Amino acid sequence: MEGVYFLTEDDRKKLLYHWLPESRAADVVEDLRGWNWYRPPLEPPFEGADRVWRLRMGEAAGKGCPTGRDVYVRRILQVEPEVSEQAVLAGFYHEVVHQVVYRAKRGVYTYDTDWGRIMAEMTAAGDEWESWVRRLPIGVRDKAATTGRRLWDFEAERIFVRLPETVSCHPHLSADAMVARALPVVTGQRIDGSYLGLSRHLRVDVGTWAEPMVVNVKFGVPRPEDKLAGAGYALAMEAALEVPVNLGCVVYVSMDDQRIGIEREFYLIDDALRQMFVEARDERMYNLMYRRDPGQPQECPVSCGFINVCHGAATQSGCLHPPDAAVVSQSTVNKPKTVDEIESSEVSATDLRREGRDGKAGAKKKDKAPSSVDSPAETA
Ligand code: SF4
């Protein structure tokens, strides 16, 4: 029975006969394993970057903005994004699936195979439903209550079938072993990403279907950045936990009034994906260091919380790439340099990276982070 965290027979076949052999044959370059975080190319690109600019995973992987302008607007111009209804709902649905798994595990640890009480434990959460929903903005409460409730019931039913099924195959399982077999996922695992210049509190779901795997549950449309973020999480796990992570899985959950659809996409976290992640991270860090505006992409995701900031002036002037006079006027704290000022006094990020990695001037010569920058709030 398929659930958000549980594989279908098709998924299992693909995993066993395609993705696991691919993973076992994966020949990841040693320099791109997270446990080599202290040397190029994985170490943060300039001295102090990991201390001053710890990036959230979404920022480093460009989940919000393909060019990374969101990082610039937030960290340099110090403008906070508007949180869209879609983002609020996605956060709520994430919490729903996390809570169902957590309550099921707690039920097993407390009541072992007393299915009735475990079921009560899992449905008791429904009594708290009202208070959870009341914490959301008024505009999304109705949708969150109905769709979230369906998601809860959907996932709870599937978990509830899995538990007795697992015990019927292995009647002498301890509660701990039952949890490991029936619910092989850790939701909301916290990983220290600071080795790589990322947040100390990265939050990631980790499945162990034959081997550790980054699981990314998405309630929106598929985007290439989803896999890039998976590479970032894999590197962070390798750095913090010293275990190889070769596979990722994005679970796309779509919901309408009638049904819940789940599509699972496995992928290999290979050299190319790792390298792309590291380059995206470095580019954003250099943009912060030099207070450089990376500009706008061809197309902005409609869900971006900075649409009004980046396109507010554009809609009035008809220009899609305005000089951001409106944005700058909103910033009262860190006035950025113009692009001309920056370019006349800097080498490009790519040149600097290359110089550092080629070991020019002996050992890797790192730039220093400016001491005057304010340390940003550090969150996942
Ligand atoms: S509105 Fe566009 S340019 Fe601005 S941060 Fe969002 S995606 Fe980037």
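At roughly what angle do the axes of helix α4 (residues 69-76) and helix α11 (residues 271-289) cross? Keep that question in mind while the whole chain is still in view, and remember throughout that this is a predicted model.

Begin with the complete chain, coloured by secondary structure, where 15 helices and five strands can be picked out. Of its 380 residues, 37% count as buried, and among the contacts with a separation of 6 or more, 72% are between residues 24 or more positions apart.

Next, select residues 69-76 together with residues 271-289, which are helix α4 and helix α11: their axes come within 10 Å and cross at roughly 35°.

Then move to residues 247-255 and residues 260-268, the strands β4 and β5, which run antiparallel and are joined by nine bridges. To follow one of these pairings, select valine 253, whose bridge partner in β5 is isoleucine 262. Finish at the turn between the two strands, where a hairpin of four residues leads from β4 to β5.

How values were computed. Residues numbered from 1 in each chain as written. Predicted model: local features only at pLDDT ≥ 70, side-chain atom pairs only at ≥ 80, totals over all residues. Buried ≥ 20, exposed ≤ 12 C-beta atoms within 10 Å, placed from the backbone. Contact = placed C-beta atoms within 7 Å. Axes fitted to C-alpha atoms, helices over the stretch in contact; angles between N-to-C directions. Pairing = 2+ DSSP bridges.
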